[in-house]
Amino acid sequence: MAKKVDNKENIYAEESYRSIATILNSLDALGYVADMQTYELLFVNEYGRSIWGDIQGKTCWKALQTNQDGPCSFCTNNYLLDEFGVPAGVHVWEFQNTVNQRWYHCRDQAIRWTDGRFVRLEIASDITERKQAEEDAQRYLRDMAHVMRLSTMGEMASGLAHELNQPLTALISYCGTAATLVKDLPSPPQQLGEILERAEEQAHRASQIISHLRTFLRKADGHKEPLDLDRVIEGMIDFIKPELKNGHAKIAHLPGAQGSKVMADKVQIEHCALQAHETQQPEMVALTKPSQQSGTESCVVSGNGHCEA
């Protein structure tokens, strides 16, 4: 009678094992069963063996992970049974495997094994592509937020430049009038005339910088016009000169043929030159060179790479 009971139990255990194996082997995901006390891998499905090899019978934290000195700190065994030793349901989590560095969506739960003990069943689906898509989406949102902030700052800077242009124009006029009045004096102070001339020059320079800033902040529309590249580059050098004084960068301009022009979008050329400057390379070289075939010029700005027009 006892032998019949044992035979029935063995048959039931074999049928249970075959059922579990059939189900787990049909999955396009890692499926394994591990002892919750010894961490022995009691079963590993075909998907898992195709990636980790023949690891059935080995210790899970040694076979499925790397650089582990003992049971994994992220092991879910403590979540699978409640205080009465009863299965607590499915524990869902995500983890990046330490062997192949791929991301997995894991579903762990305690089940009864063929011999009646509770074991950990884990089904882990590869979600690496989904994770990468999520990261790309987050990066895109961050980039868009950055672009929106830059756009807002550009609008504010453009408005500020417009507001400053009027008082600067008035300042230039006042300096010019004052310089004329000083010259008409019977014995004008020598230094006063020089000071007024310098003040007028600086006011002109500030007005030119603001005008340049307004043009630079204008959205490039692809409109091309005949440009003297030497003058465009000289204007850009003048625009960024204050920043050069605060750093270790150097800039050299090698002008091309005087009077030669090229059809180009001025804003795009300036953006290109400024981008080369912002790479913070030790040196930036702006070179304009005439073409013997067409009589036009090409522009090369070198820094972290180069830009040609």
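**A working chat on the predicted model**

Me: How many residues does helix 5 have, and how far does it reach?
Reply: In this predicted model, helix 5 covers residues 128-183, which is 56 residues. From its first C-alpha to its last it reaches 79 Å, close to the 82 Å expected at 1.5 Å a residue.

Me: Which residues in helix 5 are buried?
Reply: Among them are Thr128, Lys131, Gly154, Leu168, Ile172 and Val182. Cys175, Gly176 and Ala179 are also buried in helix 5.

Me: How many bridges join strand 1 to strand 2?
Reply: Three bridges join these antiparallel strands, and Val33 stands opposite Phe43 in strand 2. The two strands form a hairpin with five residues between them. In the turn, Tyr39 has a positive phi of about 65 degrees.

Me: And over how many bridges do strand 1 and strand 5 pair?
Reply: They pair over six bridges, in the antiparallel sense. Leu30 has Ala124 in strand 5 as its bridge partner.

Me: What about strand 4 and strand 5?
Reply: Strand 4 and strand 5 (residues 118-126) pair over nine bridges, also in the antiparallel sense. Here Ala110 has Arg120 in strand 5 as its bridge partner.

Me: Why is strand 1 described as largely enclosed?
Reply: Six of the six residues of strand 1 are buried, so the rest of the structure largely encloses this strand. Leu30, Tyr32 and Ala34 are buried on one side, and Gly31, Val33 and Asp35 are buried on the other. In a regular strand, side chains alternate between the two faces of the sheet.

Me: Changing topic, which residues have the most contacts inside the largest nonpolar core?
Reply: Leu30, Tyr32, Leu41, Ile55 and Leu64 do, in a core of 20 residues. The elements that give two or more residues to this core include strand 1, strand 2, helix 2 and helix 3. A second, separate core of ten residues includes Ala21, Leu24, Val33 and Leu42.

Me: What is Tyr32 in contact with, leaving aside neighbours within four places in sequence?
Reply: Tyr32 is in contact with Leu41, Phe43, Val44, Leu64, Arg120, Leu121 and Glu122.

Technical notes: Residues numbered from 1 in each chain as written. Predicted model: local features only at pLDDT ≥ 70, side-chain atom pairs only at ≥ 80, totals over all residues. Heavy atoms only, no water. Helix = DSSP H or I, 4+ residues; strand = E, 2+ residues; numbered from the N terminus. Expected span 1.5 Å × (residues − 1). Buried < 20%, exposed > 50% of the residue type's maximum accessible area, 1.4 Å probe, protein only. Core = buried A, V, L, I, M, F, W, Y, C linked by side-chain atoms within 4.5 Å. Contact = heavy atoms within 4.5 Å. Pairing = 2+ DSSP bridges.
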